[in-house]
Amino acid sequence: MLRRLVALVLCLLSFVVPAQPQWVRYRVLVPDQFAAQRVADSPLGLFSEAVTLGSTDLIAAPNQTAEILRLGLPFWRVQELPSPYGWAKRRPQAADYRTNYLRYDAIIAQCEQWRALYPNVVTRQAIGVTVNGRTVWAYNVVKPWFVVTGPRISFVFIGGTHAREWIGPAVTMHLFHLYAEGLASGNTFLPRSAVGRVTATFIPVLNPDGYEYSWTNDRYWRKNRRPNGDGTFGVDLNRNYATAWGGAGSSGWGGSDVYRGPAPFSEPETRGVQTMVGRLPTIAGFIDLHSYGQQVLYPWSYTTDPTQDAALLDHYGSVMAQAIHDRSGKAYECSQSSTGLYLSAGCGEDWFYDVRRAMAYTIEMRDDGTYGFLLPEDQIAPTQDEIWAAYRAFLSAIVR
Ligand code: 0X9
Ligand code: ZN
């Protein structure tokens, strides 16, 4: 009897667990916080924007089918995924940032071209050196010779926190490019009296080690490449900021995709942001550019309690969502992070609001789930265009 039951279960499982070795995207039902923690601590990669109550998508390598069963949660197969290996070899090295995803060196080379083109408005700053020896660059754009009346304010834009979200660097480059070009040519959309007061800082790739690794080794890699000392690699930079560090939606295990690191700001990348921010005047706005899901998210992430500035944050966020819709017709939903997406502690967005009261956002860009992190290259330019529209609307609404 028991044998028959086991056989029946195995037979049923064969429908959901592939016989062929392949990479698979699974959807797992997550009924409560306990299940969520189990999923967060699993060695399976996250295909969703981390763990969500309700359901969460996971990536299983061919040898990880047992892990999906080990969760003990209901699941089903969503789709087969292309192997994450060998993307660097498979892809041609084109150099147009509007039509192709670029390698890290090509991104910086392109940014350097813009710095050379607009030397009066662009400076660059090394904010840190990664575990694998790469420099993390920040580009500051400001019109320095303008007579400044009134307080100086700054904006910060970060791309490439998460390695596999290739659209983040592509969009951050575009914002940097158009803003620098605009300031240099006097063709700015800011009020004239404000132009000299505003500094915009762009970090095109906060996590270059992870980004390169997602090209050369594992297309679905998310974290940086810190050796954690126990055979596991990587800290999730978006769980490593100090605000509510260690709380919900992060893991203390190095193998987890949402590993928070041994201490707040333990990583050179986040520490670089911390030091850089310490030198900036009032930070009026911050946007962390991620994918995917088409959402404009604001603090708090670590709790479902609202901030004191919820109404204002919601207002500017909705302005951005509207601007995107006007530009491309794409629907981005604006909400508080913890309620619109999921709880997660130690995020950049929370920290910028916490320590500097910046109007802080995470934008989850295209798409709505079909391609996930593998957003096709023909969608780079339209995504850049719609986020540029959001950027303009954001600055115009705040700087008056
Ligand atoms: O989990 C994250 O770090 C972000 N999503 S992603 O898929 N790009 O990884 C969301 C961060 C902000 N929102 C919350 N923390 N809830
Ligand atoms: Zn992300």
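Predicted model: local features only at pLDDT ≥ 70, side-chain atom pairs only at ≥ 80, totals over all residues.
I then looked up the largest nonpolar core, which has 96 residues. Val273 is listed there with Phe155, Tyr179, Phe352, Tyr361, Tyr391 and Phe394 as the residues with the most contacts inside that core. Apart from it I noted another core, of 18 residues, including Val28, Ala35, Ile68 and Leu71.

Next entry: the sheet. I traced 4 strands in an open sheet, ordered E2-E3-E1-E4, with antiparallel pairing. Strand E2 (45-46) and strand E4 (75-81) are the edge strands, and each pairs on one side only. I looked at how E1 (residues 23-30) meets E4: the two run antiparallel and 6 bridges join them. Valine 28 has phenylalanine 75 in E4 as its bridge partner. I also found helix H2 (residues 33-40) packed on the sheet, where H2 touches E1, E2 and strand E3 (54-60). The direction of H2 makes about 160 degrees with that of E1.

Next entry: a helix pair. I compared helix H5 (residues 104-117) with helix H6 (residues 167-184), and their axes lie 11 Å apart at an angle of about 5 degrees. H5 and H6 are therefore roughly parallel to each other, because an angle under 35 degrees counts as roughly parallel. On the H5 side I listed Ile107, Gln110, Cys111 and Trp114, which meet Pro169, Met173, Phe176 and His177 in H6.

Last entry: tyrosine 371. Where is tyrosine 371 placed? I located it in the loop between strand E12 (359-365) and helix H12 (380-398). Its relative accessible area is 36%, so tyrosine 371 is partly exposed. Setting aside neighbours within four places in sequence, I found tyrosine 371 in contact with Phe47, Pro376 and Gln379. I also looked up tyrosine 371 against threonine 201, which is 170 residues apart from it along the chain, and their C-alpha atoms are separated by 30 Å.

Key. Residues numbered from 1 in each chain as written. Chains lettered and ligands numbered in written order. Heavy atoms only, no water. Core = buried A, V, L, I, M, F, W, Y, C linked by side-chain atoms within 4.5 Å. Buried < 20%, exposed > 50% of the residue type's maximum accessible area, 1.4 Å probe, protein only. Pairing = 2+ DSSP bridges. Contact = heavy atoms within 4.5 Å. Axes fitted to C-alpha atoms, helices over the stretch in contact; angles between N-to-C directions. Parallel < 35°, antiparallel > 145°, perpendicular 65-115°, else oblique.
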